[in-house]
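Me: Please take a close look at one part of this assembly, beginning with a loop residue of backbone interest. Then relate that part to its surroundings in a single connected account.

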Amino acid sequence: MTEFLQQVLNGVSLGAIYALIALGYTMVYGVLRFINFAHSDVFMLGAFVGWAAVERLHLPTRSFGGGLAALALAMAVCAILGVVIEKLAYKPLRNRSTLTVLITAIGVSLLIQNVSQNPTIGFGPNPRAFPELFPARQIHLGGLTVSTNQIVVLAVTVVLLAVLYWIVHRTKTGTAMRALSFNATAASLVGINNDRIISFTFALGSALAGAGGVLYATNYPSIDPLMGTLPGLKAFVAAVLGGIGNLPGAALGGLLIGLVETFVSGTRLSTFRDAIAFAILIAILLFRPAGLLGKLKVEKV
Amino acid sequence: MLEITDLIVSYGAIRALHGISLRVDAGAIVTLIGGNGAGKTTTLRSISGMVRPRSGTIRFDGRDITGLPPHEVVGLGLAHSPEGRMVFANLSVLENLHMGAYLQRDKAWIASELEFVFHMFPRLRERAEQAAGTLSGGEQQMLAIGRALMSRPRFLMLDEPSLGIAPLLVKEIFGRLVELNRDRNLPILLVEQNANLALEVSHFGYVLETGRVILSGPAQELRSNPEVRNAYLGG
């Protein structure tokens with residue numbers, strides 16, 4: 001029983017990070033109907049901003065204040081990056097087919113990865129040790145071991161999800177996001193500047209990915225320019241699992257993927273821990289293509 | 001108030017409007033009638049910026065608004081309630097109305113206009129918290145008109161407000177539109193497949209055929225015109 005609870009705890013804290021990344025995929029899909037494959041690289045850059053906050057800006061390590069400051073910095077930088085990527089790469093393609101934008105997204109992803117791997121203008125290809133942002137302590141509760149990093153991940157995720165919910169459901173800009181995702185033409189007819197809302201959506205999603213990058217790196221403290229690929233793909237699966245375009249779905253999907261992956265790691269099938277997400281993807285596409293919380297929409301041709 | 005001159009619009013290689021000219025004077029209800037593909041909807045879409053005309057000009061209060069994007073056209077006081085209603089089905093009725101007032105900053109005005117819309121269409125007040133997608137066709141049409149009013153229009157465009165709606169609700173909606181025009185002196189440009197109804201409430205009408213204005217005149221005259229009677233009013 002204790003081991004089961006321990007695994008649930010580990011799974012939830014991993015899943016929380018997937019949830020943060022998945023929200024960005026699903027929000028962008030909501031307003032532009034394409035998968036932003038460069039999102040996983042924004043996640044990676046978030047981790048590098050967290051690293052630079054300590055190694056270059058000399059923020060204090062092993063402190064909650066310093067850690068949260070690094071987190072906030074990563075979110076801000078990633079928000080700006082997301083907006084820049086959208087303006088430069090996707091906005092010129094606004095009226096093109098989804099496939100064009102999708103391939104462009106893959107191109108942007110490869111570009112960011114390769115520039116980052118370049119030792120002169122990027123970070124170089126070698127992994128770097130990620131500093132200990134938060135005080136690392138183990139807390140024993142009954143038979144459970146909880147690390148402060150796990151508590152930070154959970155607390156930060158809960159706060160960010162609450163803020164996101166508030167923005168999307170209680171503010172005018174958030175309502176405009178939902179309106180735009182339902183019908184972009186009608187949105188422009190009530191005076192919504194769709195380009196501004198799309199930029200805002202990229203900022204929001206990328207900030208969450210940036211936070212995810214820092215939190216991921218605190219738990220897996222070795223970062224490199226290709227580190228975004230696998231968590232990014234799993235978060236994408238999470239978004240599809242929950243129902244692409246559906247925000248609670250993305251959060252739920254992230255948690256489920258995190259839990260399943262953790263439980264598989266704890267069995268003799270542990271070598272399949274990375275494969276399981278994709279098995280889930282295949283299953284969901286076969287049996288419930290709209291996702292757990294999504295509604296099936298008939299594509300109008 | 002609104003003046004269109006020699007408007008030409010193409011969708012790809014297909015020409016939808018072959019040089020249309022028309023005007024709507026302050027305080028008037030003007031209707032565009034004509035069959036499918038005559039260019040009625042395209043004319044409204046050009047005015048609100050949803051399609052960019054190939055040539056010609058659209059002037060609103062003397063200002064050239066040709067080719068402005070929709071969100072800027074709304075800001076100038078032209079509201080367009082589009083074909084098919086296009087309410088935000090995933091938002092509540094109240095949220096839809098607030099989105100209508102997206103560009104309005106004056107909270108007191110928004111509150112009083114909201115009250116006005118609820119008074120005009122009491123069904124919307126009853127369903128304020130409901131998702132707009134759960135409304136009937138007629139209620140959605142009321143919502144689309146209410147949403148357009150929330151943008152504080154000085155000029156209202158309505159595309160097929162009677163389409164697919166129970167006759168009783170059509171009567172109610174058109175009654176409200178006439179009151180709106182009379183009480184607020186709000187000019188309305190109406191596109192309507194039900195030509196009888198449209199000419200009954202309008203002051204002036206244009207008959208469109210394959211992208212051209214083939215006839216225009218005071219609504220009363222059009223109603224008694226034998227050609228119009230034969231082609232659009234069922235003899």
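Reply: In this predicted model, Arg85(B) is placed in the loop that runs between strand S6 (78-81) and H3 of chain B. Although this residue is not a glycine, the phi angle of Arg85(B) is positive, near 70 degrees. Arg85(B) has a relative accessibility of 18% and therefore counts as buried, the limit being under 20%.

Arg152(B) is found in the loop between helix H6 (137-149) and strand S7 (155-159) of chain B. Phi of Arg152(B) is positive at about 60 degrees, and this residue is likewise not a glycine. With a relative accessible area of 41%, Arg152(B) is partly exposed.

One salt bridge is counted between chain B and chain A: Arg178(A) pairs with Glu95(B), with the closest N and O atoms 2.8 Å apart. Four residue pairs are in polar contact across this interface, counting pairs with both residues at pLDDT 80 or more.

Phe4(A) and Phe263(A) form a tilted pair, 5.4 Å centre to centre and with 40 degrees between the planes. Phe4(A) belongs to helix H1 (residues 2-32) and Phe263(A) to helix H10 (residues 247-265) of chain A, so this pair ties together parts 259 residues apart in sequence. Phe4(A) is partly exposed at 45% relative accessibility, and Phe263(A) is partly exposed at 29%. Phe48(A) and Phe123(A) are stacked, because their ring centres lie 3.9 Å apart and their planes meet at 10 degrees. That pair links Phe48(A), in helix H2 (residues 39-55) of chain A, with Phe123(A), in the loop between helix H4 (98-117) and strand S1 (128-129) of chain A, 75 residues apart. Phe48(A) is buried, with a relative accessible area of 2%, whereas Phe123(A) is partly exposed at 26%. Finally, Tyr25(A), Phe37(A) and Phe236(A) make up one aromatic cluster.

How values were computed. Residues numbered from 1 in each chain as written. Chains lettered and ligands numbered in written order. Predicted model: local features only at pLDDT ≥ 70, side-chain atom pairs only at ≥ 80, totals over all residues. Heavy atoms only, no water. Salt bridge = Lys/Arg side-chain N within 4 Å of Asp/Glu carboxyl O. Polar contact = N/O pair within 3.5 Å; in protein donor to acceptor, adjacent residues only side chain to side chain. Helix = DSSP H or I, 4+ residues; strand = E, 2+ residues; numbered from the N terminus. Buried < 20%, exposed > 50% of the residue type's maximum accessible area, 1.4 Å probe, protein only. Phe/Tyr/Trp six-rings, centres within 6.5 Å; stacked < 30°, edge-to-face > 60°.
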